[in-house]
Amino acid sequence: MEMKPKYNHQQNVKQANKIFKQVDFDALGASIAALMTTSSTAYGSDCLMCTGIVKSFLERKGLSPEWVIGEVAWRVDGKDDGAVVSHTVNTLPSTVHIPEVEGVKAGIFHAWLKLNPVWYLDITTFQLAKKMEILDMHDNRATPVSWRPEFLIFKESDISTFKEVQQSYDSGVFWYKKGAAFVSDPDTVTQRQEALIDSEDVDMLEFMYSQCIKGNEMAVIGPSGSYKMKSNKAV
């Protein structure tokens with residue numbers, strides 16, 4: 001199926017930076033990638049924590065982002081049939097085992113933010129390669145990931161259907177749908193997560209962001225690894 005990506009990252013970032021003048025989204029993307037890569041103990045499956053920290057950061061900047069909980073799929077390579085990362089019930093059998101991580105039952109869902117009636121932000125896509133690595137461990141594959149933007153800032157018109165993501169011959173095609181079959185009360189999920197957000201993590205994100213804006217090179221070292229940032233782009 002010939003399904004060209006609708007999403008133009010550079011164009012959307014340029015437009016969003018004009019609308020949300022308080023935020024440099026490239027700098028934010030580089031900063032949260034550095035923070036989570038070096039500090040997260042659940043890297044690749046920590047969308048709630050990652051999104052919660054960024055939500056608090058944006059609120060400090062004067063924005064009023066809202067949680068969105070739902071199902072997603074990303075086409076991360078156009079040449080490999082299996083190069084789709086998804087959090088959805090569409091591909092699951094009728095019997096599903098939902099694992100527990102540190103005593104907390106995990107759900108098959110994803111979290112992102114609604115910035116205003118038009119714009120959405122998924123700040124977690126820098127983890128797409130890790131997500132595919134986790135899938136490949138179970139499938140004994142080595143799936144290519146040629147598309148892994150640090151973040152997505154998008155409108156409804158940028159979203160493709162789940163079938164289009166599955167069948168596309170181009171990477172960069174994605175599907176987002178609000179609502180998840182395994183989350184009966186998303187408000188409770190997000191409220192619990194917000195209660196767990198450590199203000200020191202938000203402070204650290206602000207510090208990294210400020211250094212990124214200034215163009216300062218930074219080597220970030222944490223309990224989960226190291227990361228290098230230069231200017232407003234992580235390398």
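A: Start with the burial classes: buried means under 20% relative accessible area, exposed means over 50%, and partly exposed lies in between. The model here is predicted. Glu59, at 39% relative accessibility, therefore counts as partly exposed.

Q: Which residue forms a salt bridge with Glu59?
A: As a general idea, side chains of opposite charge can pair when their charged atoms come close. Here the partner is Lys55, with the closest N and O atoms 2.6 Å apart. Both residues belong to helix H3 (residues 47-60), where they are four residues apart, about one turn of the helix. Lys55 is buried, at 8% relative accessible area. Lys55 and Glu59 are also linked with Glu194 in a network of salt bridges.

Q: How many salt bridges does a search of the whole structure find?
A: The search finds seven. Among them, Glu133 and Lys130 meet at 3.4 Å, N to O; both lie in helix H4 (residues 128-139), three residues apart. Glu133 is partly exposed at 42%, and Lys130 is partly exposed at 27%. Another pairs Lys155 with Asp158 at 3.8 Å, and both of these residues are buried.

Q: What residues have the most contacts inside the largest nonpolar core?
A: In soluble globular proteins, nonpolar side chains tend to be buried together. The largest core in this model has 61 residues, and those with the most contacts inside it include Phe25, Leu28, Ile32 and Trp74. Helix H2 (residues 25-39) supplies the largest share, nine residues. A second, separate core of eight residues includes Leu48, Trp67, Ile69 and Val183.

Key
Residues are numbered from 1 along each chain as its sequence is written. This is a predicted model: local features need pLDDT of at least 70, side-chain atom pairs count only at pLDDT 80 or more; totals for chains, interfaces and linings use all residues. Side-chain values use heavy atoms; hydrogens and water are left out. A nonpolar core is a set of buried Ala, Val, Leu, Ile, Met, Phe, Trp, Tyr and Cys residues joined through side-chain atoms within 4.5 Å. Buried means under 20% relative accessible area, exposed over 50%, partly exposed in between (1.4 Å probe, protein chains only). Helices (H or I, at least four residues) and strands (E, at least two) are DSSP runs, numbered from the N terminus. A salt bridge is a side-chain nitrogen of Lys or Arg within 4 Å of a carboxyl oxygen of Asp or Glu.
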